[in-house]
Amino acid sequence: MKHPIQDIEYAEYLFDKFYSIGSTENGGVTRLGYTAVEDEMHEVFVALGKEKGYESYTDEVGNTYIYNPACKSDEDDEYYLVASHLDSVVEGGRYDGVSGIIAGLLLLEWAKRDGLEIPIRVGAMRCEESSNFGRSTIGSGLITKEVYKHDIGEAVNREGKTLSEVFKERGYNMEPKRIQGVKEYLELHIEQGKVLEEYDDSIGIVTTVAGPRRFRIYIKGSAEHSGATPMGMRSDALCAASELILEIEEIGKDESIYQSVATVGTVKVSPNALNVIPGEVTLGVDMRGIDSASLDRMEARLKSACKKICEKRKVKYYREKTSDIPPIAMSMDVQQKLLRAAKKLRIPHRSMISGAGHDAMSFANICETGMVFIPCAKGISHNKKEFATIESICDGAQVIYEHFKEEMEV
Ligand SMILES: [Zn+2]
């Protein structure tokens with residue numbers, strides 16, 4: 001949809017303020033959670049609020065919030081939390097997370113301009129990406145008590161420090177109070193896939209966030225001389241792994257009617273030498289879906305495939321489940337309201353699942369939660385080439401704003 005030039009200019013201004021922070025030589029950004037670079041992002045966020053006369057505060061785990069004191073609700077009043085994150089992966093893009101923060105600031109601006117006292121708080125959640133501690137949604141997970149992370153304090157960052165140590169240094173609390181008063185949690189995010197682009201839609205209303213089930217599979221054969229060992233006398237771990245990788249692809253394909261996917265994303269070969277038969281291989285398997293029964297079937301098939309292939313190839317194996325997060329449904333009510341808003345604004349839209357995880361997952365159990373996706377070019381994300389248009393961010397924010405306006409009228 002068409003947006004007034006001042007909205008586009010303001011959104012561009014906001015985007016530019018974050019642009020250079022954490023920039024790398026290769027053209028991307030590295031803004032890891034709970035580092036000085038992420039701190040800087042939060043400082044800029046607060047400063048941008050201050051420019052507009054908004055107030056800010058930080059919670060016990062370092063998440064930052066800003067709001068317009070002119071429509072500050074009483075202590076006990078409920079508010080809309082419009083949030084996302086300001087950290088990134090290593091060599092990531094500039095739209096993941098930041099788009100949602102820009103949307104929040106636009107909403108505050110529009111409400112002020114229209115003289116509407118909508119109780120909005122814009123939140124920047126800490127450490128959404130797993131790139132620093134190997135765990136995702138740390139900031140939002142801790143304050144909602146939705147951490148699927150019993151041993152989160154022991155998670156170690158890239159410098160070898162545990163989260164507990166980092167929290168101690170920063171004066172944060174590993175056991176914060178649960179966040180109170182959130183009426184609805186709303187998050188705008190780039191899609192990170194190419195569904196919207198393929199269908200030429202401007203907005204996606206998220207139905208369910210897929211839950212990842214992850215496994216590490218260790219395969220042990222025998223590392224022997226590649227010249228001196230006849231073909232019939234080998235136990236090649238990489239050949240077994242290769243069969244398994246293709247079988248996992250099949251499993252994903254068979255379950256794709258349920259919108260499930262299965263990927264082997266990492267392969268570690270040892271000794272990884274040209275003249276040695278691969279003795280050990282470690283595979284990282286990522287299975288995701290929105291249908292628990294489908295995920296169960298995929299897991300069962302993975303189990304039997306490991307057994308069958310490794311027995312046939314006379315290699316040993318060990319399978320470890322590294323993550324098991326159930327699919328998380330977004331609020332039906334919020335979905336309906338966002339769909340109605342998109343329809344009213346005549347923005348081409350569709351309901352869709354989220355294959356990637358988001359802070360919204362943390363909130364789904366404590367309040368009404370919804371997500372709005374906007375397209376990103378060619379579906380590329382977690383990459384310096386990540387790109388979304390400022391107009392798309394405005395489109396998504398408008399849908400949320402329209403929903404707020406309707407709520408105010410009721
Ligand atoms: Zn993100």
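Two strands are said to pair if DSSP finds at least two bridges between them. By that criterion strand S7 (residues 211-220) pairs with S9 in the antiparallel sense, over 10 bridges. The model in which this pairing occurs is a predicted one, and every value below is computed from it.

**Overall form**

- The protein chain contains 11 helices and 13 strands; its radius of gyration is 23 Å, close to the 22 Å that the globule rule gives for 410 residues, so the chain is as compact as a globular protein of that length.
- Taken along the principal axes, the box filled by the C-alpha atoms of the protein chain is roughly 80 × 45 × 40 Å.
- Of the 410 residues in the protein chain, 47% are buried.
- Among the contacts in the protein chain with a separation of 6 or more, 76% are between residues 24 or more positions apart.

**Domains**

- The domain assignment divides the protein chain into domain 1, which is made up of 5-210 + 327-409, and domain 2, which covers 217-324.
- The centres of domain 1 and domain 2, taken over C-alpha atoms, are separated by 36 Å, and the contact involves five residues from domain 1 and six residues from domain 2.
- On the side of domain 1 that touches domain 2, three residues are nonpolar and two are polar, while no charged residue is found there.

**Strand pairings**

- Strand S1 (residues 55-58) and strand S2 (residues 64-67) form an antiparallel pair over four bridges, in which Thr-58 stands opposite Thr-64 in S2.
- The S1 and S2 pair is a hairpin with five residues between the strands, and Gly-62 in the turn has a positive phi of about 100 degrees.

**Helix H11**

- The 20 residues of H11 should span 28 Å at 1.5 Å a residue, and this agrees with the end C-alpha atoms, which are 28 Å apart.
- Buried residues in H11 include Ile-393, Cys-394, Ala-397, Val-399, Ile-400, Tyr-401 and Phe-404, and also Asp-395 and His-403.

- Val-82 is found in strand S3 (residues 79-85) and counts as buried because 26 other C-beta atoms lie within 10 Å.
- Not counting residues up to four places away in sequence, Val-82 touches Ala-103, Gly-104, Leu-107, Ile-120, Val-122, Leu-186 and Ile-400; of these, Ile-400 is one of the buried residues in H11.
- The C-alpha atoms of Val-82 and Glu-169, which are 87 residues apart along the chain, are separated by 29 Å.
- Asp-359 has its place in the loop between strand S12 (349-354) and helix H10 (360-363), and Asp-359 counts as buried because it has 30 C-beta neighbours inside 10 Å.
- Once neighbours within four places in sequence are left aside, Asp-359 is in contact with Ala-83, Ser-84, His-85, Met-125, Glu-128, Thr-137, Ser-140 and Glu-187.
- Glu-187 is 172 residues from Asp-359 along the chain, and the C-alpha atoms of the two are separated by 8.1 Å.

**Backbone geometry in loops**

- The peptide bond from Ser-270 to Pro-271 is cis, with omega near 5 degrees, and Pro-271 lies in the loop between strand S8 (261-270) and strand S9 (280-289).
- Although it is not a glycine, Gln-192 has a positive phi of about 65 degrees; Gln-192 is in the loop between strand S5 (182-190) and helix H6 (195-199).
- Gln-192 has 20 other C-beta atoms within 10 Å and is therefore buried, since the cut-off for burial is 20 or more.
- Lys-378, which is not a glycine either, has a positive phi of about 55 degrees and lies in the loop between strand S13 (368-374) and helix H11 (390-409).
- With 13 other C-beta atoms within 10 Å, Lys-378 is partly exposed.

Notes
Residues are numbered from 1 along each chain as its sequence is written. This is a predicted model: local features need pLDDT of at least 70, side-chain atom pairs count only at pLDDT 80 or more; totals for chains, interfaces and linings use all residues. Helices (H or I, at least four residues) and strands (E, at least two) are DSSP runs, numbered from the N terminus. The radius of gyration is taken over C-alpha atoms; the globule rule is 2.2 Å times the number of residues to the power 0.38. A residue is buried if 20 or more other C-beta atoms lie within 10 Å of its own, exposed if 12 or fewer, and partly exposed in between; C-beta atoms are placed from the backbone. Two residues are in contact if their C-beta atoms, placed from the backbone, lie within 7 Å. Domain bounds come from an automatic or database domain assignment. Ala, Val, Leu, Ile, Met, Phe, Trp, Tyr, Cys and Pro count as nonpolar, Asp, Glu, Lys and Arg as charged, and the others, Gly among them, as polar. The expected span of a helix is 1.5 Å times one less than its number of residues.
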